[in-house]
Amino acid sequence: MKQLEGVFPVLVTPMKNQTDINWDGFRQNIEHFIEAGVTGIAINGSTGEFVSLTKEERFKAVEVAVDQIKGRITLIVGTAAETTAEAIVYTQQAEQAGADAALLINSYYAHPKDDEIYVHFKSVAESVSFPIMIYNNPFTSGVDIGLETILKVGRDVPNITHIKESSGNIGKARDIVRQGQDNIKVFCGSEDLAIESFLVGAVGWISVSGNIVPELVTKLYSQVQEGDLEAAWAIYDRLLPLCAFLEGSGKYVQITKRAMELKGWAGGPCRLPRLPLTEEEDAQLKAIMTNLDVLAIEQYECKGG
């Protein structure tokens, strides 16, 4: 069983158009991340537009990723679904295909109560044997899972080993770390709380910005691990404008896919109802990427961008 720690970019699902997934580009992107030295990747998450993918596409994404990675890095698969039965199907498929862990959020339309969330997480986790990272994100699911529910499911279900904490409440991350002990470990799920999460004991970061600057987010984590907080903060100061743009725009998927294109990686359009960035947003992204040294404006414009 692979250790779940470090920075995991949560990948986009690249498209040729609004109908066809760019599977070759998906493979190429995975290879780029491996070359960049990331600990692992996450697929079929919110950034991967999982709600816009068919069941068959989600299954194929897992199979392609497992085949491309060939055990070189850790693969976490988002297995969210509105019903518990569907989530079990996605989670079992991920395990059988060879993924290393699943990322599981509560139902995102039903707005379930804490006792219902507990049963959902427990039922899905007990249907498999590999690690489950549960996910608390009130901004997308409409529910902020209670601390006691998180601690209880971590105590009661051996293979629920981690939580991606995205409430934006650093005190909650701290309390899970302090009270969860060896039962459940914390991953940061907020782009603008990475160092803060590490300082209260988070062991990793599921990172959207990791798509755009994988080497930089990996370096930030390693600097924290080595105790060089001054160097880590210097990196984070550079990252924060990108993190703030991703968190505050409401268009983190569009931003990330466009950034991939501006890097020369596979991105493509989002599926409707998501629309492309406006001219102003596109200009803002280019400026941020230029400051991060991942976009040469002159070179891009020479190519007709």
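Two residues are in contact when heavy atoms of each lie within 4.5 Å. With that in hand, here is a friendly tour of a predicted model, taking in the loop residue S190, helix α9 (residues 214–225), and the packing of helix α10 (residues 229–249) with helix α12 (residues 279–291).

**S190 and its neighbours**
- You will find S190 in the loop that links β7 (185–188) to α8.
- Leaving aside residues up to four places away in sequence, S190 touches E165, S166, G168, W205 and E247.
- S190 has 7% relative accessibility, so it counts as buried, the cut-off being under 20%.

**Helix α9**
- The 12 residues of α9 should span 16 Å at 1.5 Å a residue, and the end C-alpha atoms are 17 Å apart, which agrees.
- Buried residues in α9 are P214, L216, V217, T218, L220, Y221, Q223 and V224.
- Their cover includes β1 (6–9), α1 (23–36), α8 (194–199), β8 (204–207), α10 and α11 (252–263).
- After α9 comes G227, with a positive phi near 85°.

**How α10 meets α12**
- These two helices pack at an angle of about 160°, and their axes are 9 Å apart.
- Angles over 145 degrees count as roughly antiparallel, and α10 and α12 are therefore roughly antiparallel to each other.
- Their crossing is left-handed.
- On the α10 side, the contact is made by R238, P241, L242 and F245, while α12 supplies E281, Q284, L285, I288 and N291.
- Sorted by class, this contact has five nonpolar, two polar and two charged residues.

Key:
Residues numbered from 1 in each chain as written. Predicted model: local features only at pLDDT ≥ 70, side-chain atom pairs only at ≥ 80, totals over all residues. Heavy atoms only, no water. Axes fitted to C-alpha atoms, helices over the stretch in contact; angles between N-to-C directions. Helix = DSSP H or I, 4+ residues; strand = E, 2+ residues; numbered from the N terminus. Parallel < 35°, antiparallel > 145°, perpendicular 65-115°, else oblique. Left-handed = near helix turned anticlockwise from the far one by under 90°. Nonpolar A, V, L, I, M, F, W, Y, C, P; charged D, E, K, R; others polar. Expected span 1.5 Å × (residues − 1). Buried < 20%, exposed > 50% of the residue type's maximum accessible area, 1.4 Å probe, protein only.
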